[in-house]
Amino acid sequence: MDKDSLRKEGEMKKRSVTATLALSTAAAVIGSSFQFGYNTGVINNPQSVIQQFMNETGEQRSGEWMDDTKVTLLWSTAVAIFAVGGVIGSLSAGAIADKFGRKRALLLNNVLAVLAAILMGFSKLANSYEMLIIGRLVIGVNCGINTGIVPMYLSEISPVNLRGGIGVLHQLAVTSGILISQILGLPVVLGTSELWPVLLGLTVAPTVFQLFTLPFCKESPRYLLISQKKEFEAKKALVWLCKDDDVSDMIQEMQSEYEEENKEERMSIAKLLKDSSLRMPLIISVVLQLSQQLSGINAVLYYSTSIFIEAGVDEDKSPYVTLSTGAIMVIMTVVSIPLMDRLGRKTLHMFGLGFMLFWAIFLTVFLSIAWSGAAYGSIICVMLFTVGFAIGPGSIPWLIVSELFSQGPRPAAVSVAFMVNWGANFLVGLLFPFMLDGLNEYVFVVFIVLLAVFFLFTWKFLPETKNKSFEEISALFKKNEARHYEVEANMDLKKI
């Protein structure tokens, strides 16, 4: 059987999930992806008690209460600086993953999570909102590194026919982390003026889980074979993961990618940005990251309590209503797992963006009309808006970058794409409170316009990657690039 036929999906074995593959996936997503979700959602429900702590700390130091603008600025900084750390972490994720390997990099990254838990957990005892803000920065760096490495690790340990479904588990763990943080942040649990430091300090829990599970798992076979040139170790890892002594088809697929990679230089971020052959997949990766973060979902995750109050929900009830967004994200992410490898990435992403666009329009209508039922209408719109996000934009941007690039440029591409993701996250986290103050009920009009742009871009430029090997996906772009140059050449000939 020749190499080309081996690379076809029809010739590669369709494998099922094994206990060892499940363990490796759980160690990565619960220990790292859950961490990201937890720290995304944890700051929402206890907003008022943390703002009160900041105000009281300022009063103890100066003898005067802060004005509302300063409290809002401190609060939005504590929220948004998490994303600043994410930018720093995501930029370094590719280099760290290459230097230490995917598994070891994740384990070493837990040092930052422990440090962040200490800073945030003891910030009230030390009467220091600075410790809280620095802790949010440090855990942001940790999560930035995690979000760069975990999707890469999952894609590299997964058989081709399971890659989409397993890739979605990253987002499932993120949404589960958001939901758990929302539950624990309720006023009847840990969202009180006395217990909120415990709530933030619990970020150490996923770290403990990973330290007890990931050491028993294998390194990425693709990393071992292609980056470390350790074919025997890579085969051992595949046999352990798949519980199958015959993994020759997977080794062949990786060797084919390695041969292709040897034809091109190992990529730094600077070289990636200059390489015209990789420009289109990089643009697609970046725009899909923006479609996730600028869709309006972070406004919902960070500030849903404020949005519901703006819509007319009682302030004491809004934290409980916020739980609906977290629960729906978990449920719909589970629903999307089997759909990912059946309907494909492009279809689901377009459907998700279109669904969000539709309900963002109705949310704006309900926020802007004086009607007794508008609050309930807004709640329903936010729930359905969240459904759209969970089906497509929630998981596909994390998955797609590792699918669009071969091993050589993949770490650099991951770093660039996820840096953009975190940068957009930062902007929304910092600016949304001021956007809400300025635009009031029309604040989602900005996101409506952006969702329309992202929908059209996805329809026009995103190729379908379902059940395709890395080399086949790369060939799609090379084919499109050849067509582009052929069209340009024909146009030049016509001019002559």
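Helix packing and aromatic pairs in a predicted model

Q: Which residues of α19 does α14 meet?
A: In this predicted model, the α14 side of the contact consists of P281, I284, S285, L288, Q289, S291 and Q292. By class, the contact of α14 with α19 has nine nonpolar, four polar and no charged residues.

Q: Are α14 and α19 roughly parallel or roughly antiparallel?
A: The axes of α14 (residues 279-293) and α19 (residues 396-404) come within 9 Å and cross at roughly 170°. Angles over 145 degrees count as roughly antiparallel. The two helices, α14 and α19, are therefore roughly antiparallel.

Q: How many residues apart in sequence are the parts that F36 and W422 tie together?
A: A search of the whole structure finds 13 aromatic pairs. In the pair of F36 and W422, the ring centres are 5.0 Å apart and the planes are at 50°, so the pair is tilted. F36 is buried at 5% relative accessible area, and W422 is buried at 0%. F36 lies in helix α2 and W422 in helix α20, so the parts tied together are 386 residues apart.

Q: Is F362 buried or partly exposed?
A: F362 and W359 are three residues apart in helix α17, about one helical turn. W359 is buried, with a relative accessible area of 18%. Buried means under 20%. At 35%, F362 is partly exposed.

Q: Which ring has the charged end of R61 over it?
A: The charged end of R61 is 4.7 Å from the centre of the ring in question. That ring belongs to Y129.

Definitions and conventions:
Residues numbered from 1 in each chain as written. Predicted model: local features only at pLDDT ≥ 70, side-chain atom pairs only at ≥ 80, totals over all residues. Heavy atoms only, no water. Axes fitted to C-alpha atoms, helices over the stretch in contact; angles between N-to-C directions. Helix = DSSP H or I, 4+ residues; strand = E, 2+ residues; numbered from the N terminus. Parallel < 35°, antiparallel > 145°, perpendicular 65-115°, else oblique. Contact = heavy atoms within 4.5 Å. Nonpolar A, V, L, I, M, F, W, Y, C, P; charged D, E, K, R; others polar. Phe/Tyr/Trp six-rings, centres within 6.5 Å; stacked < 30°, edge-to-face > 60°. Buried < 20%, exposed > 50% of the residue type's maximum accessible area, 1.4 Å probe, protein only. Lys NZ or Arg CZ within 6 Å of the ring centre and 35° of its normal.
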